[in-house]
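Hi,

Here is the structure I promised to send over.

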Amino acid sequence: MAEYYTLQVAGLTRQLKRCRISDQLEIAAFILFSDVELTEACAKELAEKCKVCDYDYILTAECKGIPLAYELSRQTGKPYVVARKSVKGYMTDSISVAVHSITTAALQTLYLDGEKASWLHGKRVLLVDDVISTGESIAALEALTHQAGGIVAGKAAVLAEGDAIGRSDLIYLAPLPLFEVQS
């Protein structure tokens, strides 16, 4: 039988299923997909906290950060850009960076279309993800921003997990613990 973690964030409570990601570690699966109420509430609180960043664009990685970036864009009027996990036929002059996420076994590459990269040139960019844990994904977004000639205005997420909890360079709404697997 599955175990759950009770999360309270943005005035809402959710039961997150605990999922094993290694022999020693479990995470509480935080997924914004299909939860419009949670996405809207989190974006509202995050938008308020990120006002100090004075940003022009929002940048997120495919795919779990997309609903949050979209909703932040809708609420703030700031455009958002998505770094893709593969090069699409419509993309030209792409820039890329490798990333290893805690929730993905293999090394991944994030790509930014050259046209979208040009949008970020000389602009202040808010980096957004659903959860920041090891910081690898947000570091990859930071590297893409620098390659595009943009300026990182801030790094934000709904949740900070594990070592990311307490980082002074992150804006987040709530902490999320990691769970050691008991033998």
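Strands β1 (residues 4–9) and β2 (residues 12–20) run antiparallel and are joined by 6 bridges. Strands here are DSSP E runs of at least two residues, helices are H or I runs of at least four, and both are numbered from the N terminus; two strands pair if DSSP finds at least two bridges between them. Across this pair, Leu7 stands opposite Arg14 in β2. The β1–β2 hairpin has 2 residues between its strands, and Ala10 takes a positive phi near 55° there.

Next comes β3 (residues 25–28), which runs antiparallel to β2 with 3 bridges between them. A hairpin of 4 residues links β2 to β3, and Arg20 has Glu26 in β3 as its bridge partner.

A word on the source: this is a predicted model, in which local features need pLDDT of at least 70 and side-chain atom pairs count only at pLDDT 80 or more, while totals for chains, interfaces and linings use all residues. Residues are numbered from 1 along each chain as its sequence is written, and side-chain values use heavy atoms, leaving out hydrogens and water.

Now the helices. The axes of α1 (residues 36–49) and α2 (residues 66–76) come within 9 Å and cross at roughly 60°; axes are lines fitted to C-alpha atoms, for helices over the stretch in contact, with angles from 0 to 180 degrees between N-to-C directions. In contact (heavy atoms within 4.5 Å) are, among them, Leu46 and Ala47 of α1 and Leu68 and Leu72 of α2.

Best wishes
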